[in-house]
Amino acid sequence: MEKRLQVGVITATHGLKGEVKVFPTTDDPNRFRRLKEVILNTGREERVLEIEGVKFFKQMVILKFKGLDDIGDVEKFRRGTLSVTRENAVKLKRNEYFIADLIGMRVENEDGSELGTLQDVIATGANDVYDVRLSDGRQVLIPAIRECILSVDVEEGRMRVHLLDGLL
């Protein structure tokens, strides 16, 4: 289980006063309004940044960090990822999961036999679809609906599924 959850990627600077444009990788970009701090990872360094201001522009979030008041202070953050700790993550409802917790999960048939590994979660208009790599190398796409997903155990890293006719 991941200790940190990614919420965005810094794409560019914005203006001259130390603001950055962030592409949100969270389902709810408005969550940035409630965040007090994020963890920046540039690949070379990791640091906690306190959020001073939040604005929205098209599909982007504009962030201003406390103590970083010049474009020169934030230019080096480009392509850096922004994460939060689980304590600062959004609260999940029943039968909701963080995608980071699902990726890599062992997938089993309803009888407990191994089916494969969850590779990706594809968001569609109606429901998510789980991309599962089968043990023999093939791929199966399983809709994330009650009829197919019987149980998910994040702690054990295991999902039990029922394959509808025609999925394989």
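The model is predicted, and local features are reported at pLDDT of at least 70, side-chain atom pairs at pLDDT 80 or more, and totals for chains, interfaces and linings over all residues. Residues are numbered from 1 along each chain as its sequence is written, and side-chain values rest on heavy atoms, with hydrogens and water left out.

The protein chain contains 2 helices and 12 strands; helices (H or I, at least four residues) and strands (E, at least two) are DSSP runs, numbered from the N terminus. In sequence order, these elements follow the pattern β-β-β-β-β-α-β-α-β-β-β-β-β-β. The C-alpha trace of the protein chain spans about 60 × 30 × 25 Å along its principal axes. Of its 168 residues, 35% count as buried, where buried denotes under 20% relative accessible area, exposed over 50%, and partly exposed in between (1.4 Å probe, protein chains only). Among contacts (heavy atoms within 4.5 Å) with a separation of 6 or more, 48% are accounted for by residues 24 or more positions apart.

UniProt lists residues 6-87 under "domain: RimM N-terminal" in an unreviewed entry; UniProt positions are given in the numbering used here, feature names are shortened, and annotations may be inferred rather than shown by experiment. This span is 5% helix and 52% strand, and its end C-alpha atoms lie 13 Å apart. A closed barrel of 6 strands runs in the order β1-β2-β5-β4-β3-β6, with antiparallel pairing; two strands are taken to pair if DSSP finds at least two bridges between them. From one strand to the next, the twist averages 50°, with axes fitted as lines to C-alpha atoms (for helices over the stretch in contact) and angles running from 0 to 180 degrees between N-to-C directions.

S83 lies in strand β6 (residues 81-85) and is buried, its relative accessible area being 12%. Residues up to four places away in sequence aside, S83 touches R4, L5, Q6, V7, V38 and I39. F57, in strand β4, is partly exposed at a relative accessible area of 43%. The C-alpha atoms of F57 and K21 are separated by 8.8 Å, although these residues are 36 residues apart along the chain. K58 occupies the loop between β4 (46-57) and β5 (60-65), has a positive phi of about 55° without being a glycine, and is exposed at 70% relative accessibility. Most residues other than glycine have a negative phi. A positive phi, near 60°, also occurs at N95, which is placed in the loop between β6 and α2 (99-102) and is exposed, with a relative accessible area of 58%.

For "domain: Ribosome maturation factor RimM PRC barrel", UniProt lists residues 101-167, again in an unreviewed entry. Over residues 101-167 the chain is 3% helix and 49% strand, with the end C-alpha atoms 24 Å apart. Strand β8 (residues 114-122) runs antiparallel to β9, to which it is joined by 6 bridges, and a hairpin connects β8 to β9 through 6 residues. V121 has Y130 in β9 as its bridge partner. Because 5 of the 6 residues of strand β9 (residues 129-134) are buried, this strand is largely enclosed by the rest of the structure. A further 5 bridges join β9 to the antiparallel strand β10 (residues 139-143), with L141 in β10 as the bridge partner of D131. In the hairpin of β9 and β10, which has 4 residues between the strands, G137 adopts a positive phi near 95°.

The largest pocket holds about 1100 Å³ of space. On a 1 Å grid over the protein atoms alone, a pocket is an open set of points where a 1.4 Å probe fits, with protein on both sides within 12 Å along at least five of seven lines; lining residues have an atom within 4 Å of a point. Grid points are joined across faces, edges and corners, and the volume is the space filled by probe spheres set on the points. The lining of the largest pocket comprises 32 residues, of which D27, E96, Y97, F98 and D128 lie nearest its centre. At least two lining residues are supplied by each of β1 (4-14), α2, β8 and β11 (149-153), and β11 gives the most, with 4 residues.
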